[in-house]
Amino acid sequence: MLHISSLLNATPGVQPVGDASNITINDNDTNGNIPDENDSAFGGSLLGTEADSLEESITDYPYENGRRYHAFKDGEYWGPNDDSANESHDVAHHLYLLTLDGKLHLAPIAQPHNILDVGCGTGIWAIEMADAYPCAHVVGTDLSPTQPMFVPPNCAFEIEDFNCPWTYPIDHFDFIHVRELFGSVFDWDDFLLQAFEHMKSGGYVEIVEHSVCPVSDDSTVNEESFFTLWGKTVVELGENIGKTFEIWKDGKAKLKTAGFEDIVETRFKWPVNGWPSPEFRTCGNDGNMSWKKLRELGIWNQVRLHDGIEGLMLRLLTKDKMWSYEEAQIFMGKMRKEIKNVNTHAYIDVSIVYGRKPGGRNLSALSQENPSLAISKNWPFENVIPEGYQGVIT
């Protein structure tokens, strides 16, 4: 790993983390080779041209079709890292907190010392966890240095490709958090085996994912629906790039294969707009939420989908399917139109599954003696949605 003492004041709109001493780059290549600081080819210093080259490798962002993407290992991830994408990530964080009544996790961890947030995005979850567990050291990893400058002293961020061999100590983490890595992991079995290896006995991993295929509990979404075509297209794109978008329904089995035990899965449903009402609601696996809460989730989900589908699909459609920019925009425009139709009772499935590495102290038993799940310091949220509002509808 290369520790950077000064980095990143060059890119407008992108802030270094803390005083930049928090930033670490995991510079493994795809074969897991780690640069040797004593090697003459490495140079043993990050001053001068080496620092310039390193900074450029991280902040010389490529632009495609008006969107900005990560520079470190360009192309490894399909999503942009610009302000619009970061806002979408933060809306997703709000959705998960709303779903879980402010809880930052469901795994029954207690007194964790080391926490890893893989693919942390804007770093919002890692920062809140550091606030919630001030005695823990929280590390967030991502391909982009788009996290805020001022973070809690027990929180740090690393630039890392999680598809490369992990370089953390063995038996190190008490809790590993994985959220929305759909379409990003080459081999989930290998990924979770690495998580297992680098986790302390008795520690937990939690996978938080959602479906990309809108469905319904009635016949309003069927084989002829555009939502069905949309879902099939996204799943096919994931298969083409070798990174599944369907981990939401495979997470439980994958954790078992990796050797985790005490596996618990909880399902929820996010409507695609504010269609839920006293007459219409989802059925089963929805957290037994009231129709009012389902509507609130749907309105926030519509905001995220409307503004975020370009970030999800544009690069995949133009790079993998070789569509023109105009063809991609037409396809995404149809999706934006569909999510405004409250007569279609569509939702996406959400899965939160966690498992424990055998051995060690039983954190589950400890947490039952002193039950406590971290709550966002911003909870409860003020409901800013007007009475009767169902989102942007046609």
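Colleague: Which residue stands opposite isoleucine 348 in S11?

Modeller: Tryptophan 270 does. Bear in mind that this is a predicted model.

Colleague: What makes S10 and S11 a pair?

Modeller: Pairing needs at least two bridges. Nine bridges join strand S10 (residues 261-271) to S11, so they count as paired. The two strands run antiparallel.

Colleague: How do you know that S9 and S11 pair?

Modeller: By the bridges again. Seven of them link strand S9 (residues 199-210) to S11, in the antiparallel sense. The cut-off is at least two, so this is a pair. Here tyrosine 204 stands opposite arginine 356 in S11.

Colleague: Why is S11 called largely enclosed?

Modeller: Buried means under 20% relative accessible area. In strand S11 (residues 347-356), 10 of the 10 residues are buried, so the rest of the structure largely encloses the strand. Tyr347, Asp349, Ser351, Val353 and Gly355 point one way. Ile348, Val350, Ile352, Tyr354 and Arg356 point the other way. All are buried.

Colleague: Which residues of H4 meet H6?

Modeller: Trp188, Asp189, Leu192, Leu193 and Phe196 in H4 meet Lys254, Leu255, Thr257 and Ala258 in H6. Six of the contact residues are nonpolar, one is polar and two are charged.

Terms used: Residues are numbered from 1 along each chain as its sequence is written. This is a predicted model: local features need pLDDT of at least 70, side-chain atom pairs count only at pLDDT 80 or more; totals for chains, interfaces and linings use all residues. Side-chain values use heavy atoms; hydrogens and water are left out. Buried means under 20% relative accessible area, exposed over 50%, partly exposed in between (1.4 Å probe, protein chains only). Helices (H or I, at least four residues) and strands (E, at least two) are DSSP runs, numbered from the N terminus. Contact means heavy atoms within 4.5 Å. Ala, Val, Leu, Ile, Met, Phe, Trp, Tyr, Cys and Pro count as nonpolar, Asp, Glu, Lys and Arg as charged, and the others, Gly among them, as polar.
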